[in-house]
Amino acid sequence: MTDRLAKFTSAMDRLYEFDREPVSPEKLQSGGKFAGLFAGEHVAATEFVIGAFFVLHGVTARSLLFGLLFGNLLAVISWTLVCAPIAVRTRLTLYWYLRKIAGPGVTLLYNIANAFLYCILAGAMISVSATAVGILFGIRVPALDAILPSSAGWVAIVFVLGAAFTTMAILGFEKLSRFAQVASPWIFAIFFAGAVAVLPKLGVEPNLANLWETLSTKVWNGVAVGGQEKFGFWHILFFAWFCNLAMHVGLSDMALFRYARKWTYGLYSAFGMYPGHMFAWICSGIMVAAIGRQMDPGLMAFEAAGAAGIGAVLLAGWTTANPTLYRAGLALQTITPNWPRWRITLLAGSVTTVLACFPLFFLKLLDYVAIYGLVLMPIGAIVFTEHWIFPIIRVEQYMAEKRGWTFNWAVLAVWLGTLAVCFLLPIHLYFKWLPGWFIAAASYTVLMAVQKGTGRIKERSRAGGESGPASAKGESR
Amino acid sequence: MKTFLAVASILSLVLCLVAPVLFFLEILPEPSFKLALLLASLGWFFLATNWARYWEKPQA
């Protein structure tokens, strides 16, 4: 078992070898690059669904605007004050920094969890694209409460799209990434075009005199669709904040910000948040209101923007599922040593395609996004604590690395324990992560401080001539 | 060539933004707006894909 684990972790290290060393000063990037990267990354297929769901959840126009304004501001602040400073100080990816803190065993588990979560996310994107293709063949989108596939036609479309996306990801990830850069501003333009084009259908006059009245009575009118929970300001604020929780508070974007000249480059995340997670969500909300509040992104875009709309939903799904499949493949490769890239992408694509058949993941996308962030959040809290709190309270940093631990059991216990506590917390799913972060940070500090105390007692007893074989116990953790 | 592709690409994208505004202002009828949007979109992909060949290679 130990040999097998060692084999996995050494295979994992080889995969990430290229970014093992801290980024050197000549490789640092300008602020404009960060602005462009964020702007391109946050206009995805899921934007067609998220903004539309806010309408279905009966949020009011005022709650939506203020919720998105402040929620996205908190997300930008999280990138700027939590993620970027650690990335700039260490110049490492989360993978290598976590390895120093948690040991290679925990890092392996983190990677597997990440891979599975990525597959579900890519699956949701394939499902969204399937709604666009479904229009061409008259296949209806599953009902809002559907869990299982609703028809053979839906399964067939998902399989064809899943196979196509996977094949293209295998054949040319690099070229597709370049294509995604081209597609991104156009998808943004289609969001704008679709929203503006349906305004007359909703009754907005060309002089915009009744714009606010129409939006607050026909789009975000405060009435939830049957079976959907009513959302208010706090739901929207928290959703906008945690939508990329794994990236900012969860520290995944250390991979990006290690190239930043200054920690203030975190502010460039606003170029992704406000156009993608505010403007695009508002646009999709307007579009869904124009089709009678049906959750059908393909139909919504087609009615608003015609064939270009269908193309936008399809391409948004494709261009964002592609890097997600790549990341899932990279994370999965850690448990399949020596597999070539194509085989691991095929595996990730197959898992993703099967998951995409179940409409549950796309129809419960908001809850899934919350769970995704929640699952990875404790790791961010642990890394934050180790980086900032431990030097202040004089707890030794990077014990796993210094003592050669495969598993830092404190990390694993805090990770799983925090998730268990969050599960039991009697508050809405969207709000659980915030107390969870403090629980993770506090419990990790206590556990490691206690460990430090235990270590000192052992050292004293060793120095006092009571040394024995047990003194090496800590080293074998 | 690079400048031509850049200008033409951006114009296509601008047309994607202007077409719905013209429809909203009742200057363009709906079928014309949707056709204009489709043609401008095709134009953007053709031109911008060629323009992208001149872009700096993204970092791996």
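A salt bridge is a side-chain nitrogen of Lys or Arg within 4 Å of a carboxyl oxygen of Asp or Glu. By this rule, five salt bridges are found over all chains of the whole structure. The legends describe a predicted model, in which local features need pLDDT of at least 70, side-chain atom pairs count only at pLDDT 80 or more, and totals for chains, interfaces and linings use all residues. Residues are numbered from 1 along each chain as its sequence is written, chains are lettered from A and ligands numbered from 1 in the order in which they are written, and side-chain values use heavy atoms, with hydrogens and water left out.

**Figure 1. Overall make-up of chain A.** Chain A has 19 helices and zero strands; helices (H or I, at least four residues) and strands (E, at least two) are DSSP runs, numbered from the N terminus. Of its 477 residues, 57% count as buried, where buried means under 20% relative accessible area, exposed over 50%, and partly exposed in between (1.4 Å probe, protein chains only). Among contacts in chain A (heavy atoms within 4.5 Å) with a separation of 6 or more, 87% join residues 24 or more positions apart.

**Figure 2. The largest nonpolar core and the surroundings of A:Trp433.** A nonpolar core is a set of buried Ala, Val, Leu, Ile, Met, Phe, Trp, Tyr and Cys residues joined through side-chain atoms within 4.5 Å. The largest one holds 182 residues, of which A:Phe54, A:Trp186, A:Trp220, A:Phe239, A:Phe257 and A:Trp433 touch the most other members. Helix H5 (residues 94-136) of chain A gives the largest share of this core, 23 residues. Beyond its neighbours within four places in sequence, A:Trp433 is in contact with A:Phe238, A:Trp241, A:Phe242, A:Leu245, A:Val249, A:Leu374 and A:Met377. Another core lies apart from the largest one and has five residues, including B:Leu5, B:Ala8, B:Leu47 and B:Trp51.

**Figure 3. The interface of chain B and chain A.** The contact takes 26 residues from chain B and 30 residues from chain A. Together the two chains bury about 2,300 Å², 73% of it on carbon and sulfur atoms; buried area is the accessible area (1.4 Å probe) that two parts lose on being put together, summed over both. Between chain B and chain A there are zero salt bridges. Three residue pairs (both at pLDDT 80 or more) are in polar contact across the interface, that is, a pair of N or O atoms within 3.5 Å; within protein, one must be able to donate a hydrogen and the other to accept it, and residues adjacent in sequence count only if both atoms are side-chain atoms. On the side of chain B that touches chain A, helix H1 (2-24) and helix H2 (30-52) of chain B each supply at least two residues. H2(B) gives the largest share of that side, 11 residues.

**Figure 4. The salt bridge of A:Lys100 and A:Glu401.** The closest N and O atoms of A:Lys100 and A:Glu401 are 3.5 Å apart. A:Lys100 lies in helix H5 and A:Glu401 in helix H17 (residues 399-403) of chain A, 301 residues apart. A:Glu401 is partly exposed, at 45% relative accessible area.

**Figure 5. The salt bridge of A:Glu303 and A:Lys201.** Here the closest N and O atoms are 3.4 Å apart. A:Glu303 is in helix H12 (residues 297-305) and A:Lys201 in helix H7 (residues 173-202) of chain A, so the pair ties together parts 102 residues apart in sequence. A:Glu303 is partly exposed, at 32% relative accessibility, whereas A:Lys201 is exposed, at 52%.
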